[in-house]
Amino acid sequence: MKILLYGEGKTDYGIKDYEKFSGEKSVYSEKEWKPGPIVYILKNCADLYGKEISIEYADKKQIDGKEKIKLGKRQLDDLKKQGLDKGKALPARRFKITALENGFETGVFYCDTDKVVKGKNTDEQACKKEFEKIYAEVDAGLNGGRSGTWRGLPMVALKMIECWLLSDENAYIDCFGSAPNSPELPAKPELIWGQKEKESSNYPKNYMYRILKQYDKKSDMEIFNQIAQNTRPAILNDKCNISFTKFYEDMRRLFK
């Protein structure tokens, strides 16, 4: 199965390695791309179902950057009727158009929720509502309108990718030889939050910093990739059951 993937940056879906195009300008082949952690999470899910996938990468500039494609009235009608012609629905729709124009029948659109707009970022119900809102926007952009055989999968992390990567203790044992203990991994990684500017807070990037400091490692794409490669989808599904579970279920339906 050939899948087009979009993400927000190098610490989730990766980064272009060198300037060489294959086919259409908006698509890079995998050998020209340094994959990020969600690539390995995606492949681990496919392996779980015994499926082989080939991943290519959408050009962020055309989806949500300086060269983003313009959407016409016909391409926005269904979103406007639902009041979803803002937010994540728009880049998701651009991604769908790019994928279809380049012959893809399947695409995965990754984004972060970042933070809860209404309520506390540590409150489970508030987090669920924010996730459902962002998921609905992405899903409408991907799968609304005329789709034919196209199947678009939202891959929405609650808060940020670090929350998913703080889920599986065994991944750290496999990567670094021991489980983190100062601090230990959070019981509910999706619900941690704190002041970004305060290093000792539970802001996900700060929590990850303290986890990796135990191993004399720093947060970067290579370290995230190591953790992701060793993170088991079943554990991720259990520990991040607000956002990852939805993607886990969507993947299962895709591979039926």
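**Labels and their cut-offs**

Analyst: Lys 88 is partly exposed, with a relative accessible area of 21%; buried means under 20%, exposed over 50% and partly exposed in between, with a 1.4 Å probe and protein chains only. This is a predicted model, in which local features need pLDDT of at least 70, side-chain atom pairs count only at pLDDT 80 or more, and totals for chains, interfaces and linings use all residues. Residues are numbered from 1 along each chain as its sequence is written, and side-chain values use heavy atoms, with hydrogens and water left out.

User: Where is Lys 88, and what does Lys 88 touch?

Analyst: Lys 88 sits in the loop between α3 (73–81) and α4 (89–101). Helices here are DSSP runs of H or I with at least four residues, strands are runs of E with at least two, and both are numbered from the N terminus. Not counting residues up to four places away in sequence, Lys 88 touches Glu 8, Phe 109, Cys 111, Asp 112, Ile 134, Glu 137 and Val 138. Contact means heavy atoms within 4.5 Å.

User: Why are α3 and α4 called oblique to each other?

Analyst: They pack at an angle of about 140 degrees, with their axes 11 Å apart. The axes are lines fitted to C-alpha atoms, for helices over the stretch in contact, and angles run from 0 to 180 degrees between N-to-C directions. Angles under 35 degrees count as roughly parallel, over 145 as roughly antiparallel, 65 to 115 as roughly perpendicular and the rest as oblique. α3 and α4 are therefore oblique to each other.

User: Which residues make the contact of α3 with α4, and what are their classes?

Analyst: On the α3 side, Gln 75, Leu 76, Asp 78 and Leu 79 meet Ala 89, Leu 90, Arg 93 and Ile 97 of α4. The contact has five nonpolar, one polar and two charged residues. Ala, Val, Leu, Ile, Met, Phe, Trp, Tyr, Cys and Pro count as nonpolar, Asp, Glu, Lys and Arg as charged, and the others, Gly among them, as polar.

User: What makes α7 and α9 oblique?

Analyst: Helix α7 (residues 169–176) and helix α9 (residues 221–230) have axes 8 Å apart and pack at about 120 degrees. α7 and α9 are therefore oblique to each other. In α7, Ala 171, Tyr 172, Asp 174, Cys 175 and Phe 176 meet Ile 223, Gln 226, Ile 227 and Asn 230 in α9. By class, the residues of this contact are six nonpolar, two polar and one charged.

User: How do you know that α1 is oblique to α11?

Analyst: The axes of helix α1 (residues 37–48) and helix α11 (residues 244–254) cross at roughly 45 degrees and come within 10 Å. That makes α1 oblique to α11. Ile 41, Leu 42, Cys 45, Ala 46 and Leu 48 in α1 meet Phe 244, Phe 247, Tyr 248 and Met 251 in α11. This contact has nine nonpolar, no polar and no charged residues.

User: What is meant by a nonpolar core, and which residues touch the most other members of the largest one?

Analyst: A nonpolar core is a set of buried Ala, Val, Leu, Ile, Met, Phe, Trp, Tyr and Cys residues joined through side-chain atoms within 4.5 Å. In the largest, of 44 residues, Ile 41, Trp 164, Tyr 172, Phe 244 and Phe 247 touch the most other members. α1 gives the most to this core, with six residues. A second, separate core of 23 residues includes Ala 58, Phe 95, Cys 111 and Ile 242.

User: Why is Asn 225 called buried?

Analyst: Asn 225 has a relative accessible area of 8%, which puts Asn 225 in the buried class. Asn 225 lies in helix α9 and touches Pro 35, Gly 36, Pro 37 and Tyr 40, not counting residues up to four places away in sequence.

User: What makes Gly 194 partly exposed?

Analyst: The relative accessible area of Gly 194 is 22%, so Gly 194 is partly exposed. Gly 194 lies in the loop between α7 and α8 (204–213).

User: How do you know that α8 is mostly covered?

Analyst: Seven of the ten residues of α8 are buried, among them Tyr 207, Met 208 and Ile 211. The buried residues of α8 pack against α6 (161–165), α7 and α9.
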